[in-house]
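This report walks through a protein complex for a reader new to structures. Keep the sequence and the 3D view open while reading.

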Amino acid sequence: MTEATGGIEMEEDTGGKVKKFLYINRKAPYGTIYALESLEVVLISAAFDQDVSLAFLDDGVYQVVKGQHTKPIDVKNFSPTYRALEGYDIEKLYVEKESMEARGLKEEDFIVPVKVINTAEMADLMQSQDVIMSF
Amino acid sequence: MKLGILINEGPYTHQASDTAYLFAKAAIEKGHKIHRVFFYNDGVYNSSRLTEPPQDDRHIVNRWQKLAKDHHIDLVVCVAAALRRGIKDENLQEGFRISGLGQLVETGIQSDRLVTFGD
């Protein structure tokens, strides 16, 4: 992902540590840059061999909805990138049930396989992490 | 405790950078170590050398610069986010450096806590 690093060599000084990273996504994919720039961090963290999970809450659930069509707003549709995460061994994607249902979405509406969990389970997931970044 | 800080919002519009600064100062006073401050999203604007607030207002950019100098804090600005927003070495305040997102992930790994300030 040279686009995100600007071609700068990364120093992977991790000391062999593996931590649990959770990226929380709360905002709609378009309208603000948060979703895209969150995804850029996620892709970089794959290079560090960390234990990465992604969570989608509130309008963030729209980030992984199928059939995004962004041509009319002249913004790149980056949703196919979520499908590429599997290739980086990032396979733990969680959608909050309450956020999904409040928006009339179902499990089959997502572009990638996700695990739907409720708010209490989401809290447990957050509790079990070492590093949480929220976008 | 070794702390990392992530700032995701620009100066003046949003309180994130102010709160992060006050948090960092308070943490240092309590004996904690700030390992690195990473500027991402609009947070990269906190590093612009061209920033000139009115004289009776706080200077957010220079305040970070001084804190970093006094306490050996690594101030890192994300290169991809910076280039998107017109922040380059030529308008980067002294004391900040531009580097990759890997530095943010590394901060998460190396710090005891990574604290995010954003919207």
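Chain A contains 5 helices and 5 strands, where helices (H or I, at least four residues) and strands (E, at least two) are DSSP runs numbered from the N terminus. Along its sequence, chain A follows the pattern α-β-α-β-α-β-α-β-α-β.

The model is predicted: local features need pLDDT of at least 70, side-chain atom pairs count only at pLDDT 80 or more, and totals for chains, interfaces and linings use all residues. Residues are numbered from 1 along each chain as its sequence is written, while chains are lettered from A and ligands numbered from 1 in the order in which they are written. Confidence in each residue is given as pLDDT, from 0 to 100; the mean for chain B is 97, and 100% of the residues of chain B reach 70 or more. For the complex, the predictor gives an ipTM of 0.89 and a pTM of 0.90.

**The sheet of chain A**

In chain A, 5 strands form an open sheet in the order 4-3-2-1-5, with parallel pairing. Strand 4 (115–117) and strand 5 (131–134) of chain A stand at the edges; each has a single partner strand, so one side of each is left without a neighbour in the sheet. From one strand to the next, the twist averages 25°. Two strands count as paired if DSSP finds at least two bridges between them. Strand 1 and strand 2 of chain A run parallel and are joined by 6 bridges, and A:K20 stands opposite A:D51 in strand 2 of chain A. Strand 3 (residues 92–96) of chain A is joined to strand 4 of chain A by 3 bridges; here the bridge partner of A:Y94 is A:K115.

Contacts are counted when the C-beta atoms of two residues, placed from the backbone, lie within 7 Å. Among contacts in chain A between residues at least 6 apart in sequence, 75% join residues at least 24 apart.

**Helix 2 of chain A**

Helix 2 (residues 34–46) of chain A lies across strand 1 (20–25), strand 2 (51–56) and strand 5 of chain A, and runs at about 165° to strand 1 of chain A. Such angles run from 0 to 180 degrees between N-to-C directions, with axes fitted as lines to C-alpha atoms, for helices over the stretch in contact. Helix 2 of chain A has 13 residues and reaches 19 Å from its first C-alpha to its last, close to the 18 Å expected at 1.5 Å a residue; the expected span is 1.5 Å times one less than the number of residues.

A residue is called buried if 20 or more other C-beta atoms lie within 10 Å of its own, exposed if 12 or fewer, and partly exposed in between, with C-beta atoms placed from the backbone. Of the 13 residues of helix 2 of chain A, 11 are buried, so this helix is largely enclosed by the rest of the structure. Among them are A:L39, A:V42 and A:I44. Over the 135 residues in chain A, the buried share is 36%.

**The sheet of chain B**

Chain B also has an open sheet of 5 strands in the order 4-3-2-1-5, and the pairing is parallel. Its edges are strand 4 (96–99) and strand 5 (113–117) of chain B, each with a single partner strand, so one side of each is left without a neighbour in the sheet. Neighbouring strands of this sheet are turned by 25° against each other on average, direction ignored. The table lists two of the strand pairs in chain B.

| Strand pair of chain B | Bridges |
|---|---|
| Strand 1 and strand 2 | 6 bridges |
| Strand 3 (residues 74–78) and strand 4 | 4 bridges |

In strand 2 of chain B, B:V37 is the bridge partner of B:I5. In strand 4 of chain B, B:R97 is the bridge partner of B:V76.

Helix 1 (residues 16–29) of chain B lies across strand 1 (2–7), strand 2 (33–39) and strand 5 of chain B, at about 170° to strand 1 of chain B. Helix 4 (residues 102–110) of chain B packs on the sheet and touches strand 1, strand 2, strand 3, strand 4 and strand 5 of chain B. Of the 9 residues of helix 4 of chain B, 8 are buried.

**The nonpolar core**

A nonpolar core is a set of buried Ala, Val, Leu, Ile, Met, Phe, Trp, Tyr and Cys residues joined through C-beta atoms within 7 Å. The largest such core has 67 residues, and those touching the most other members include A:Y23, B:I5 and B:L6. Helix 2 of chain A supplies the largest share of this core, 7 residues. Leaving aside neighbours within four places in sequence, the contacts of B:L6 include A:M133, B:F38 and B:L104.

Methods:
pLDDT = per-residue confidence, 0-100.
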